[in-house]
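I opened a notebook for this structure and wrote down each thing as I looked it up.

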There are 2 protein chains.
Amino acid sequence: MEKGQVTIRDIALKLNISISTVSRALRGMADVNADTKKRVLEMARELNYEPNQIAQSLRSNRTNTIGIIVPDVQVHFFSSIVSGIQKVASKVNYNVLFCQSGESYQTELNNLKALIASRVDGLLISLSRETEDIEHLLRVQQKNIPLVLFDRISDDIDTSKVDVSDTDGAFKAVKYLIDTECRRIAYLAGPKNLTISNKRMEGYLHALRAAGITPDEELIVHCNSLKEDAAGATAQLLSLNNKPDALFCVNDPVAIQAIQVIKKHNLKIPEDISIIGFTDDPVSALIEPALTTVAQPSHEMGQCAAKLLIDQIKGYDGTSRTVTLDTKLVLRNTTKLLNP
Amino acid sequence: MEKGQVTIRDIALKLNISISTVSRALRGMADVNADTKKRVLEMARELNYEPNQIAQSLRSNRTNTIGIIVPDVQVHFFSSIVSGIQKVASKVNYNVLFCQSGESYQTELNNLKALIASRVDGLLISLSRETEDIEHLLRVQQKNIPLVLFDRISDDIDTSKVDVSDTDGAFKAVKYLIDTECRRIAYLAGPKNLTISNKRMEGYLHALRAAGITPDEELIVHCNSLKEDAAGATAQLLSLNNKPDALFCVNDPVAIQAIQVIKKHNLKIPEDISIIGFTDDPVSALIEPALTTVAQPSHEMGQCAAKLLIDQIKGYDGTSRTVTLDTKLVLRNTTKLLNP
DNA sequence: ATGAAAGCGCTAACAG
DNA sequence: CTGTTAGCGCTTTCAT
């Protein structure tokens, strides 16, 4: 066995039959003598034979492998998506080639190159924060490689996409704040070019206007590198003459930062100031006070994206479509109770 | 381009030269006419050529791909390891095929089969909780596929391994509890067959004995399915006539469960009862009180395992060795301060 | 029911 | 410097 892995040739030689017969027997094709077939299968097991998928792929031009690129799998939201993808894929015998862009456009490019070279049957991508130009995605399409974008999607390309109802989620959150008597509601936003941040802003503005509240520029603050700036941005809001009485945050980490700062200022949550986040990170239920947040179905998102892609690969569905999953407002202790 | 991806043959035809020349030019081999080479490279770019790694792999018998199996990537500890692995691998142009066992032995077996069929150059595995028999790993070795185990390792196989100093970490934790005047220290253990849980128990016992404290069977409670049973186990300890004054927990999720229960019993942490966890999950710093815990360098663990494997693949090092990474006691607010 | 042979895309002798 | 050829392991005609 020193010569590496066992091949159908080894089996054929041992049994003194041709490799085509072995191949046929192994795949359970109809026109093989029952006895031959039995002997082949036995020998295969005895020699611990595993089919060489590389050879199969070269022949069939299909690898049964899909590629994923996410910014950073250490972020729970993404690991949950990746988990969903992998489970769906493995159920239908697809392998998953896994890459991280680390929020770098250049790395995303390199990842993509590697995945294309590996001849993945399809691609699942959540764009890096740096990515603005999507030329590389167009090149994927030219090569007829099925592509599904998720979460960090782009409007500049016509392909299948999975996202969540950001705008509606934000609307529901801000509406709840208004319904619980908050009037000066601030938005702790993400970078100005981040699509999801802008969509959430839309929902925020829409909810304010629907309640007859005029948005105040002063109350919208952008954090450039999400985590780091959040504390500063919060401090800035708290130093206003006319302080906010609620904070809607672009995501949970920002909200958690905000909570820390607010606590230091000795303000009571939610009596003095209410807070709502976005994502429903597992941490959010455990901190104190437990964070009210707009939950995104991350695991489901992964599953949905994977299904969409595999359907496309198998040619069940050639049209590109966008699936928008629902968000849900999870009420916890950083918001006041609704008076019935 | 309807015919799928571009091959060196397409380039050769367009340029009216042989495919071997194209192959040589593409790989920048010395003995190619500078002009020919230039024309090949230009044409390659023009046609958007990407080398077919499948074909290369079949020829070279190397895929430049490593396989990972982890129980569940949604657990931060594992996603952090996976992240470390992927970064190291991509730096040296290795792809990562990613699988999850979901703590199921059967799924682990299936994953392994798929990865072997994909002819990965090496394997990185953290065993499922169900896995007791390691026959499948021996078969991997018979096939001469380099294998590195990490975190959930097995003593029954001679291969490279990466783990952390569980015993020493536990010792440090329990010693700290003793040094801060705790005397009745309980151990909230994991399943009885879980290696890491047992190693941590050793450290626990060792620290007690070193301080002249006789271990009390009553104070060692096993949780079978880590998360679910923790609450019950804690309640059980609190109902003892002679209650514990400290809790050493097999991991952070268990510790966090314990904290909830203790709070409900209106006991003060750490005044009435101290708690120490294991892992340093990101949550642990954010809960209240912030959890004192034994930190495991998860990201580093991934990097280390990947390096070990790749060295082995490249034949730099054929011997199997075990790397034990250091743990660190991170003091937070579930333990008392040390009196100087 | 089985075998022989071609070919998937690429690399590596071996010739020229 | 370049072309020809064989072959990696497998599937699939096409014969027999």
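Entry 1, the annotation. Before using the record I noted that UniProt positions are given in the numbering used here, and that annotations may be inferred rather than shown by experiment. I also noted that this is a predicted model. I then looked up chain A and found that an unreviewed UniProt entry annotates residues 6-60 as "domain: HTH lacI-type". In the model, I found that this span is 69% helix and 0% strand. I recorded 21 Å between the C-alpha atoms at its two ends.

I looked at Asp35(A) and Arg39(A), whose side chains meet in a salt bridge with an N to O distance of 4.0 Å. Why are Asp35(A) and Arg39(A) separated by about one helical turn? I wrote that this is because they are four residues apart in helix α3 (residues 34-47) of chain A.

The same surface serves both copies, since 100% of the contact residues of chain A recur in chain B.

How many residues does the contact take from each chain? I noted 50 residues from chain A and 51 residues from chain B. Together the two chains bury about 4600 Å², and 50% of that is on carbon and sulfur atoms. Ile54(A), Gln74(A) and Arg119(A) supply 15% of the area that chain A buries against chain B, more than any other three residues.

I counted 24 residue pairs in polar contact between chain A and chain B. Next I listed elements of chain A that give two or more residues to the side touching chain B, among them α4 (53-60), α5 (76-91), β2 (95-100) and α6 (105-117). Of the elements, α5(A) gives the most, with seven residues. I sorted the residues on this side of chain A into 20 nonpolar, 20 polar and ten charged. Four salt bridges cross the interface, and over all chains the count is 24 salt bridges. One I looked up joins the side chains of Lys263(B) and Glu288(A), at 2.3 Å from N to O.

Glu288(A) is joined to Pro289(A) by a cis peptide bond with omega about -5 degrees. Pro289(A) lies in the loop between α12 and β10 (292-295) of chain A. In chain B, the bond from Glu288(B) to Pro289(B) is also cis, with omega near -5 degrees. Asn61(A) is not a glycine, yet I found a positive phi of about 70 degrees there. Asn61(A) is in the loop between α4 and β1 (65-70) of chain A.

Note on methods: Residues are numbered from 1 along each chain as its sequence is written. Chains are lettered from A and ligands numbered from 1 in the order in which they are written. This is a predicted model: local features need pLDDT of at least 70, side-chain atom pairs count only at pLDDT 80 or more; totals for chains, interfaces and linings use all residues. Side-chain values use heavy atoms; hydrogens and water are left out. Contact means heavy atoms within 4.5 Å. Buried area is the accessible area (1.4 Å probe) that two parts lose on being put together, summed over both. A polar contact is a pair of N or O atoms within 3.5 Å; within protein, one must be able to donate a hydrogen and the other to accept it, and residues adjacent in sequence count only if both atoms are side-chain atoms. Ala, Val, Leu, Ile, Met, Phe, Trp, Tyr, Cys and Pro count as nonpolar, Asp, Glu, Lys and Arg as charged, and the others, Gly among them, as polar.
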